[in-house]
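Hello,

Here is the structure I promised to pass on to you. Could you have a look at it, and then read my notes below?

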Amino acid sequence: MYKQPVNLTSDTLTKPSKAMLEAMMNADVGDDVFRTDPTTIALEEKMAHMFGHEAGLFCPSGTMTNQIAIKAHTQPLDEILCDELSHIYRYELGGYGFHSGVAIHVMRGKNGIISPEHVHQAVKPKADWNPNTKLLIIENSVNMGGGNYYTLDQIRPIAEAARSHNLTLHLDGARLFNVLVETGESTLEYGKIFDSISICLSKGLGAPVGSVLIGKKEMIDYARRVRKVMGGGMRQSGYLAAAGIYALDHNIKRLKDDHDHARMCGKKLEEVSWVKEVSPVATNIIIFRVADHLNASDVAARLATKNIICLPITDKIIRWVFHLDINDEMTDYVVETSDTLY
Ligand SMILES: *Cc1c(COP(=O)(O)O)cnc(C)c1O
């Protein structure tokens with residue numbers, strides 16, 4: 001039995017390390033609504049520069065950066081395109097309708113991955129009775145696709161297809177750095193393709209709060225107004241931004257450890273009788289289906305008696321997420337426990 005809970009519920013559970021807390025406590029702050037908070041401005045500029053974009057906007061959550069991007073890129077009666085597994089479609093309460101008055105067309109990719117053909121087929125002809133297809137959103141890595149990801153070579157033809165229909169492109173890059181440490185691809189290449197990118201600091205990067213939206217200066221100026229009307233203008237946000245800067249400086253490379261941990265556990269799950277099927281483990285997420293005679297909440301309850309905590313997603317499917325608070329020893333424990341669970 002492991003001495004403390006091994007919590008695989010989400011990579012949002014990470015707590016700031018001592019060094020990160022130190023960086024937060026020492027942050028130089030002002031009032032970001034008056035744009036006098038130097039640390040917030042530094043984080044926004046740092047993220048924008050990494051991707052070759054003009055400007056950035058620090059927000060409390062990835063839901064907010066995504067929703068602000070949709071608002072900035074569309075008008076009411078427009079339509080956005082997303083894969084059926086996307087966070088924007090599934091877990092943001094239909095905010096695209098609430099905030100932006102737009103329709104959504106949901107594409108059926110494979111494990112959350114779409115092709116140029118999906119885009120060509122989804123775009124609606126111009127007509128008074130059709131919404132105006134305006135914005136393509138790609139999610140990378142794909143959360144509900146089991147951490148599956150697109151490479152740039154896969155994204156380029158999709159982006160070309162979108163441009164051929166005059167669509168704008170937004171990237172929900174909540175976990176983009178998980179992709180980049182796997183592929184070794186460049187942030188600047190990503191920046192060239194997308195009009196805007198949303199990146200979470202509070203997932204694998206280990207900051208307590210926050211996401212950054214990057215894009216052209218004019219778009220980000222408007223985005224700042226939208227953030228304000230949503231009640232997201234923050235004051236001494238430099239304390240939080242300092243955690244984000246620390247995360248970008250120290251926690252990117254180590255994401256690879258989370259992927260190694262996920263692969264070790266995924267391999268074991270493929271061998272055990274209580275699991276029917278494991279989605280290919282591409283980054284830090286494992287999605288697996290329990291055996292036919294079991295149900296996911298019973299399996300999760302049994303894991304909990306062994307101090308392994310996770311959330312079943314459906315009655316048959318469980319997700320495990322690896323992150324910076326899961327070390328080598330805990331990973332070994334999960335592998336051993338998986339072997340003997342039933
Ligand atoms: C977590 C996540 C978000 C944003 O979530 P918040 O909890 O609002 O920060 C957006 N997109 C994806 C793919 C995510 O996994």
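**Around the ligand**

The shell around the ligand is made up of one nonpolar, six polar and five charged residues; here Ala, Val, Leu, Ile, Met, Phe, Trp, Tyr, Cys and Pro count as nonpolar, Asp, Glu, Lys and Arg as charged, and the others, Gly among them, as polar. Its members are Ser61, Gly62, Thr63, Asn66, His87, Glu92, Glu139, Asn143, Asp172, Ala174, Arg175 and Lys203, each with a heavy atom within 4 Å of the ligand. Helix α3 (residues 62-73) gives the largest share of this shell, three residues. Helices (H or I, at least four residues) and strands (E, at least two) are DSSP runs, numbered from the N terminus.

Before going further, a word on the source: this is a predicted model, in which local features need pLDDT of at least 70 and side-chain atom pairs count only at pLDDT 80 or more, while totals for chains, interfaces and linings use all residues. Residues are numbered from 1 along each chain as its sequence is written, and side-chain values use heavy atoms, with hydrogens and water left out.

From the side chains, an N or O atom of Lys203 lies 3.0 Å from a ligand oxygen, and a polar atom of Asn143 lies 3.3 Å from a ligand oxygen. On its own the ligand has 380 Å² of accessible area, and the protein covers 85% of that (Shrake-Rupley method, 1.4 Å probe).

**The chain as a whole**

The chain splits into domain 1 (6-13 + 254-340) and domain 2 (18-250), with bounds from an automatic or database domain assignment. Their centres, taken over C-alpha atoms, are 28 Å apart. Where they meet, 16 residues of domain 1 are in contact with 18 residues of domain 2 (heavy atoms within 4.5 Å).

An unreviewed UniProt entry places the feature "domain: Aromatic amino acid beta-eliminating lyase/threonine aldolase" at residues 8-291; such annotations may be inferred rather than shown by experiment. Over residues 8-291 the chain is 43% helix and 18% strand.

**Two backbone details**

Most residues other than glycine have a negative phi, and most peptide bonds are trans. The peptide bond from Asn140 to Ser141, however, is cis, with omega near -5 degrees; Ser141 sits in the loop between β5 (132-139) and α7 (152-164). Leu77 has a positive phi, near 80 degrees, and lies in the loop between α3 and β3 (78-83).

Best wishes

Technical notes:
A polar contact is a pair of N or O atoms within 3.5 Å; within protein, one must be able to donate a hydrogen and the other to accept it, and residues adjacent in sequence count only if both atoms are side-chain atoms.
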